[in-house]
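Please find below a colleague's note on the structure.

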Amino acid sequence: MKAILTDITKCIGCTQCVSACKVINKLPPDKPREWQKNDGLSARNWTSVLFKDEYYVRKQCRHCIEPACAAACPVGALHKTDFGAVIYDSNKCLGCRYCMMACPYGIPRYDWDSAVPYVRKCIMCYENINNGVIDQPACTKACPTGATIFGEREDLLIEARKRIKNEPDKYLDTIYGEKEAGGTNVLYLTSKDCPLDFLFYYNNRIEKGVKLLGEPAFNQPYPPLTKKAMNSVPFAFVGMGAVMSGLYWIVKRRQKLEKENKGAEDGKNQ
Ligand code: SF4
Ligand code: SF4
Ligand code: SF4
């Protein structure tokens with residue numbers, strides 16, 4: 001499985017990774033919103049660079065090995081690929097935002113500016129790599145210092161262990177993402193001066209008082225917790241036939257709206 005290793009000690013905060021992501025994914029300029037979490041991520045910014053304890057920390061979807069977002073999605077719009085990326089099918093998405101509640105890292109964002117809003121997040125450049133357009137994510141390719149690199153997860157773990165062994169005074173003896181939340185396909189190395197604490201993982205949900213689904217559990221996959229929490233949603237107790245008909249109607253309506261919007265835009269451009 002492919003993965004990304006970000007070494008915080010090498011990042012200079014140039015944000016070239018952020019720009020490259022916007023270009024390859026054709027993401028429009030961001031519109032700051034009052035209610036947005038203050039971490040730079042949005043439906044139009046799939047990666048960001050945070051400043052913490054004198055270090056720059058790049059943030060993006062961790063591509064969990066057992067993704068809670070996919071487990072929470074009632075229609076399978078998110079799924080984990082063999083490649084390693086957790087990808088998203090907007091044709092299936094209902095816009096219910098359960099994935100946003102389920103993600104332990106607070107990653108997926110809603111595209112409030114679109115007429116037919118969808119959830120958005122980093123997809124590890126899955127389609128572009130799969131179609132041979134690029135051979136690695138645009139963000140890792142753009143990084144001028146090698147602070148964020150792409151490769152096989154096993155190779156990146158070996159590389160990370162080597163760096164810790166060679167410079168034990170510099171690095172914290174932890175590879176973030178090796179085991180947290182059941183393991184992720186985005187790994188982090190950090191300096192002893194900059195431990196990536198709990199809030200880095202859980203975003204600012206705790207500060208904002210947003211309740212997590214299940215208790216935070218290091219080194220444990222999240223889907224079982226998500227499933228438990230989702231079972232308490234009334235939806236699970238309503239007749240499944242009726243619910244599925246409703247979901248089908250919503251998806252079809254979203255697709256119809258999208259088609260109409262596209263037609264109107266094409267008409268304007270002619
Ligand atoms: S970090 Fe969140 S959005 Fe990304 S794969 Fe994991 S659960 Fe899903
Ligand atoms: S992997 Fe691709 S989609 Fe994800 S942050 Fe990098 S450039 Fe953006
Ligand atoms: S491109 Fe590399 S050095 Fe620049 S901000 Fe991104 S990770 Fe850091």
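1. The shell around ligand 3 comprises eight nonpolar, five polar and no charged residues. Here Ala, Val, Leu, Ile, Met, Phe, Trp, Tyr, Cys and Pro count as nonpolar, Asp, Glu, Lys and Arg as charged, and the others, Gly among them, as polar. The shell has 13 residues, of which Cys11, Cys14, Thr15, Cys17 and Cys143 are the closest; a residue belongs to it if one of its heavy atoms lies within 4 Å of the ligand.

2. This is a predicted model, in which local features need pLDDT of at least 70 and side-chain atom pairs count only at pLDDT 80 or more, while totals for chains, interfaces and linings use all residues. Residues are numbered from 1 along each chain as its sequence is written, chains are lettered from A and ligands numbered from 1 in the order in which they are written, and side-chain values use heavy atoms, without hydrogens and water.

3. Around ligand 1 there are 14 residues, and Cys61, Arg62, Cys64, Cys69 and Cys103 come nearest. This shell divides into eleven nonpolar, one polar and two charged residues.

4. Thr190 counts as buried because its relative accessibility is 0%; buried means under 20% relative accessible area (1.4 Å probe, protein chains only). A polar atom of the Thr190 side chain lies 2.7 Å from the backbone oxygen of Cys194. The C-alpha atoms of Thr190 and Val57 are separated by 9.0 Å, although these residues are 133 residues apart along the chain.

Technical notes: Buried means under 20% relative accessible area, exposed over 50%, partly exposed in between (1.4 Å probe, protein chains only). A polar contact is a pair of N or O atoms within 3.5 Å; within protein, one must be able to donate a hydrogen and the other to accept it, and residues adjacent in sequence count only if both atoms are side-chain atoms.
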